[in-house]
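Trainee: Could you walk me through this model? I'd like to learn how to read it piece by piece.

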Amino acid sequence: RIFPETGEIAMTKFRIDSLNWEDDDLPLDHRFAWQRGGMDTVVAKKWTILSKWSQATSFEDLIIGKAGTVTLRAEARDTLGSVSAAMTEGTLTLPAVAPSES
């Protein structure tokens, strides 16, 4: 999950959550990544890794500096090394311009 789903480039701080995983081999470690483009254009080797594996279930204060759609990925790894991933999209817009005073 990403919050908010839409924001302004270089201004909005996004949070990615990795929640509701079910696994018998606990505890789970989590890792977060992103890449430009929507989920229909995801390229396996072009992920930018945002965090190391840890038990933290969220990554906060992500700021992206170019408008468009991005795909964010949360991975969960169990104690046996099995990894699963979930992806979601976010949209970045240009900052709103304040109306000029007349």
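Mentor: From the N terminus on, the protein chain runs β-β-β-β-β-β-β-β. This is a predicted model, where local features need pLDDT of at least 70 and side-chain atom pairs count only at pLDDT 80 or more, while totals for chains, interfaces and linings use all residues. Residues are numbered from 1 along each chain as its sequence is written, and side-chain values use heavy atoms, with hydrogens and water left out.

Trainee: How many helices and strands does the protein chain have?
Mentor: Both kinds are DSSP runs numbered from the N terminus: helices are H or I with at least four residues, strands are E with at least two. By that count, the protein chain has zero helices and eight strands.

Trainee: Is Glu 75 buried or exposed?
Mentor: Glu 75 sits in strand β7, residues 68–77. Buried means under 20% relative accessible area, exposed over 50%, and partly exposed in between, using a 1.4 Å probe and protein chains only. Because its relative accessible area is 8%, Glu 75 is buried.

Trainee: Which residue does the side chain of Glu 75 join in a polar contact?
Mentor: A polar contact is a pair of N or O atoms within 3.5 Å; within protein, one must be able to donate a hydrogen and the other to accept it, and residues adjacent in sequence count only if both atoms are side-chain atoms. Here the two side chains are joined at 2.8 Å, and the partner of Glu 75 is Arg 31.

Trainee: Which residues touch the most other members of the largest nonpolar core?
Mentor: A nonpolar core is a set of buried Ala, Val, Leu, Ile, Met, Phe, Trp, Tyr and Cys residues joined through side-chain atoms within 4.5 Å. The largest one has 13 residues, and the two touching the most other members are Leu 62 and Leu 72.

Trainee: Which strand gives that core its largest share?
Mentor: β3 (14–17), β4 (29–36) and β7 each supply at least two of its residues. The largest share is three residues, and they come from β7.

Trainee: Last one: what percentage of the residues in the protein chain is buried?
Mentor: The protein chain has 102 residues, and the buried ones make up 30%.
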